[in-house]
Amino acid sequence: MGELQIPRPRARPRRLRQSAALRSLVRETTADVAHLVQPLFVREDTSIPADIPSMPGIRRFTVPELEKEAEELAALGVPGVILFGLPTDKDPLARGAYDDRGIAQEAIRAVKRAAPDLVVMGDVCLCEYTDHGHCGVVKDGRIDNDASLELLARTAVSQAEAGADVVAPSAMMDGQVAAIRAALDQTGHDDTIILAYAAKHASAFYGPFREAADSAPRFGDRKTYQKDPANLRESMREIALDLEEGADLIMVKPALAYLDVLRAARERFDAPLAAYSVSGEYSLVKAAAERGWVDERAIVEETLTAIRRAGADLILTYHAKDVARWRQGERHA
Ligand code: PBG
């Protein structure tokens, strides 16, 4: 081989990568703590263990422990939390979900007391409260959509009365956003925000959550209400319907395996868009990090950036508190 004439590059994108400060100046996407919402589990029954084996670092708090956690999160600059109540008793009609003294309602009051500036979101669903583990009412072995709406609406109203700033319906019943908006407005809660779990997929990534909340369906699965992961157009239709019904914020869930859905939603809709990076996403990272196979912080930062780049405004993530701790006192990296 003779002398090779290698052309010198005319464009040099590397020029802008020479220092942390330069990289910071040209960075297109950030995943700041300001965008994160921490999901929190709250238990009524103090005899169940706090630790969740499949979600290291996440706990099932008692109400007093929750107050302390809310204070810590607020001090770290995390702007919001979403609460999941774990009741002692479950029954076919999920009475604990819309009980004014229920665990979610007590948790909402506790957080509002401890950290009044935190945005408090309540998950509105029945599965943690039903003995059969489904997100709606069961009739003749099937999930009765319309019979579930009133219970979901009552749940949302009782969370709003307890002080929730945001109610987040996640049962995937048709018409649930309209039912909740009407019920909130009729009870004087016109300022209560609805975050619709609009494109919520029937996903295996919810496995660890169902262990944490003891909320797996006792028969069948959730595929008749949660949507088919294979369908993108159907996600757009679900989101459009929820916006028509009065959703203020829309959500895609899970996040990492659904970045294309987030991107499509971002391009199609102007409403603020949330992504829920769910329990299974968290557990995968934790398990690999515990084995020393990945760098936990780097994986989390990269993943959150990807979710934001795909189009999410806010991200619900179990890593929120860790990210806030990592970022404390730091400048650009
Ligand atoms: C309630 C609900 C679930 C999640 C959020 N709300 C469980 C489910 O649908 O089975 C999952 C969250 C997670 O996995 O982190 N329906």
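**Entry 1: the ligand**

Which side chain has an N or O atom 2.9 Å from an oxygen atom of the ligand? I looked it up, and the side chain is that of Q226. This is a predicted model, where local features need pLDDT of at least 70, side-chain atom pairs count only at pLDDT 80 or more, and totals for chains, interfaces and linings use all residues. Residues are numbered from 1 along each chain as its sequence is written, and side-chain values use heavy atoms, with hydrogens and water left out.

I then checked R210, which has a polar side-chain atom 2.6 Å from a ligand oxygen. For Y318 I also found a polar side-chain atom 2.6 Å from an oxygen atom of the ligand. The protein buries 100% of the 400 Å² that the ligand exposes when taken alone (Shrake-Rupley method, 1.4 Å probe).

**Entry 2: the cavities**

Next I looked for cavities (on a 1 Å grid over the protein atoms alone, sets of points where a 1.4 Å probe fits but cannot get out; lining residues have an atom within 4 Å of a point). My search of the whole structure gave two of 30 Å³ or more. The largest cavity is the space taken by the ligand, and about 160 Å³ lies in it. I noted 20 lining residues there, with C127, K200, Y206, F209 and K253 nearest the centre.

The second largest cavity has a volume of about 40 Å³. I read through its lining and found, among others, L83, F84, D123 and Q159. Strand 3 gives the most to this lining, with three residues (strands are DSSP runs of E, at least two residues).

Terms used:
A polar contact is a pair of N or O atoms within 3.5 Å; within protein, one must be able to donate a hydrogen and the other to accept it, and residues adjacent in sequence count only if both atoms are side-chain atoms. On a 1 Å grid over the protein atoms alone, a cavity is a set of points where a 1.4 Å probe fits but cannot get out, and a pocket is an open set with protein on both sides within 12 Å along at least five of seven lines; lining residues have an atom within 4 Å of a point. A molecule sits in a cavity or pocket if more than half of its atoms lie within 2 Å of its grid points. Grid points are joined across faces, edges and corners, and a volume is the space filled by probe spheres set on the points. Helices (H or I, at least four residues) and strands (E, at least two) are DSSP runs, numbered from the N terminus.
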